[in-house]
Amino acid sequence: MLVQCRTTTTEQMHLILPPDVRTKQTRRQLMKVRREELIDHIPLPQAERTRVWHPTPCRAQTAGEWPELRGRPPPQGAVDRTAVRSKFGHGLTVTETALAFLQDARHRGNLCRPLDWIPEVHHPLGGGEAVIPDALLHYQRHTKADHMDNATRTDDTGGTGGGDGGDGGNEDEPDARGGVMLRAFVEVDRATMGPERLAAKLTAYARPHSYAPLPAVRQRQQPFPEPVQETWRQRYPLFPRLLFVRDSTGPAGVETRISALRAAARGPELAPFLRDVPILAAPLTDLLHHGPTAPVWRPVTHPDQRVDWIHTRHP
């Protein structure tokens with residue numbers, strides 16, 4: 001789990017684990033794994049008794065070979081002590097955001113387990129460029145009662161695996177297990193960049209939405225070449241929602257950043273992207289207080305509205 005999350009405090013790790021695990025057990029296991037040099041920690045500068053845990057470099061690579069993490073991106077810059085010290089604030093906020101979704105799903109009987117939160121998934125754009133969201137979220141919303149034991153649903157740290165279908169329409173496709181599989185790219189905004197740079201992320205995400213690799217020369221010479229599809233269709237039946245989670249800013253800062261996103265959304269070049277993909281923003285405090293499935297999200301195209309994120313593709 002630590003390799004998956006990159007950085008956590010002891011309390012965060014305890015909340016990630018199954019609910020029946022005691023706090024003392026979590027602390028004891030973390031210290032045991034540290035003695036085996038699989039993980040390490042640094043003190044939190046504002047509270048030196050609070051430890052920030054991270055995997056050690058070689059063990060992070062080893063964990064990538066385990067079945068649970070096979071095919072997942074290895075940690076980038078989250079295993080070296082110096083890098084952890086410089087980025088722990090953002091990393092811990094990303095983990096806190098993951099916990100908001102995880103705990104809300106447990107409470108509501110939906111399916112979102114720790115391995116369903118995947119940080120830093122690389123989406124290539126060609127020429128060495130890529131879009132890398134803070135996290136890719138898999139979330140199964142149940143649409144009808146099922147008889148799955150609640151302990152089985154919540155006490156497993158495994159992931160859904162993202163195995164689901166889709167028809168390419170505006171609604172998410174029903175999952176064979178009795179629910180609807182949702183996906184979202186999550187960007188955690190800690191106000192460390194200006195509103196304009198934040199708004200530029202809309203253009204950045206519009207690029208993988210339309211990016212299709214050039215066909216090979218050999219294929220172009222064929223009398224009936226196969227149509228070239230956007231690269232994202234190889235991974236997802238529908239392009240994931242885009243969720244901006246804001247932290248470390250007051251009400252005035254929230255409005256400034258929403259206005260910047262709204263202004264960027266008016267660009268005509270973004271029209272196809274905005275037509276197909278819901279783009280929502282919400283403060284982390286609202287997610288923690290009300291839960292991420294509550295109507296706390298503001299669509300960047302209609303910022304006066306308040307919607308939830310899980311039911312329809314568009315408000």
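Helices (H or I, at least four residues) and strands (E, at least two) are DSSP runs, numbered from the N terminus. By that rule, Thr8 sits in strand 1 (residues 8-9).

This is a predicted model, in which local features need pLDDT of at least 70 and side-chain atom pairs count only at pLDDT 80 or more, while totals for chains, interfaces and linings use all residues. Residues are numbered from 1 along each chain as its sequence is written, and side-chain values use heavy atoms, with hydrogens and water left out.

**Buried residues**

Buried means under 20% relative accessible area, exposed over 50%, and partly exposed in between (1.4 Å probe, protein chains only).

| Residue | Relative accessible area | Class |
|---|---|---|
| Cys5 | 11% | buried |
| Thr8 | 0% | buried |
| Cys112 | 5% | buried |

Thr8 counts as buried because its relative accessible area, 0%, is under 20%. Contact means heavy atoms within 4.5 Å. Neighbours within four places in sequence aside, Thr8 touches Leu2, Met13, Ile16, Arg51, Val52, Trp53, Leu92 and Thr95.

A disulfide is a pair of cysteine sulfur atoms within 2.5 Å. The whole structure has 0 of them.

**Strand 10**

Arg241, Leu243 and Val245 point one way. Leu242, Phe244 and Arg246 point the other way.

Two strands pair if DSSP finds at least two bridges between them. Strand 9 (residues 179-189) pairs with strand 10 in the parallel sense, over 6 bridges. Here Val188 stands opposite Val245. Strand 11 (residues 279-283) also runs parallel to strand 10, joined by 5 bridges. Across that pairing, Arg246 faces Pro283.

**The largest pocket**

On a 1 Å grid over the protein atoms alone, a pocket is an open set of points where a 1.4 Å probe fits, with protein on both sides within 12 Å along at least five of seven lines; lining residues have an atom within 4 Å of a point. A volume is the space filled by probe spheres set on the points, which are joined across faces, edges and corners.

The largest pocket has a volume of about 600 Å³. Its lining holds 23 residues, and Met1, Leu2, Val3, Val33 and Trp66 lie nearest its centre. Helix 1 (2-5), helix 3 (23-35) and helix 4 (57-63) each supply at least two lining residues. Helix 3 gives the largest share, 5 residues.

Ala, Val, Leu, Ile, Met, Phe, Trp, Tyr, Cys and Pro count as nonpolar, Asp, Glu, Lys and Arg as charged, and the others, Gly among them, as polar. The lining has 15 nonpolar, 6 polar and 2 charged residues.
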